[in-house]
Amino acid sequence: MPSFDVISEANQVEVKNAVDQANKEIGTRFDFKGSDARVEQKELELTAYADSDFQLGQVRDVLTGKMAKRNVDVRFLDIGKIEKISGDKVKQVIRVKKGIETEDAKKIQRLIRDSKIKVQASIQGDSLRVTGAKRDDLQATIAMLKKDVTDLPLEFNNFRD
């Protein structure tokens with residue numbers, strides 16, 4: 001039976017490259033001279049440091065700009081609260097989302113079921129597998145998901161005939 005997987009996962013290599021480029025730009029910009037502004041990465045967690053709330057916003061803007069240039073969807077970023085650290089310095093934890101959460105997977109599954117296309121969707125961990133008898137039904141499902149699901153950056157892979 002033909003099938004495909006629906007996933008939501010950022011390209012980690014491009015995320016690392018975007019962080020490196022952002023740090024390089026922050027190091028050379030005049031408005032960051034003498035400040036401790038930077039972005040650190042640990043696996044799926046980015047931490048932005050700056051001297052003030054305004055500078056932290058600038059660091060975030062530089063980071064999202066670099067990610068957009070490297071084709072990393074900024075909807076993958078889950079921006080946390082601003083925390084005060086020693087002195088006047090602030091930091092902010094930014095998580096990179098990986099996988100489709102259970103509640104979002106159930107919404108997508110319900111959307112597929114309500115569309116009346118003759119396919120079945122099953123949740124498999126942090127992804128969805130969609131199977132159907134006809135290839136055209138699967139392609140119609142992909143088109144429908146691209147149009148209707150706008151709050152998640154979805155990818156479609158593992159298309160099997």
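User: In what sense do strand E6 and E7 pair, and over how many bridges?
Analyst: In this predicted model, strand E6 (residues 119–124) and E7 pair in the antiparallel sense over 6 bridges, and this counts as pairing because DSSP must find at least two bridges between two strands. Strands (E, at least two residues) and helices (H or I, at least four) are DSSP runs numbered from the N terminus. Local features need pLDDT of at least 70 and side-chain atom pairs 80 or more, while totals for chains, interfaces and linings use all residues. Residues are numbered from 1 along each chain as its sequence is written, and side-chain values use heavy atoms, without hydrogens and water.

User: What makes the contact of Arg70 with Glu14 a salt bridge?
Analyst: The closest N and O atoms are 2.6 Å apart, and a salt bridge requires a Lys or Arg side-chain nitrogen within 4 Å of an Asp or Glu carboxyl oxygen, so the pair qualifies. Arg70 lies in the loop between helix H2 (53–69) and strand E4 (77–84) and Glu14 in helix H1 (residues 12–28), so the pair ties together parts 56 residues apart in sequence.

User: Why is Arg70 called partly exposed?
Analyst: Its relative accessible area is 25%, and partly exposed lies between buried (under 20%) and exposed (over 50%), using a 1.4 Å probe and protein chains only, so Arg70 falls in the middle class.
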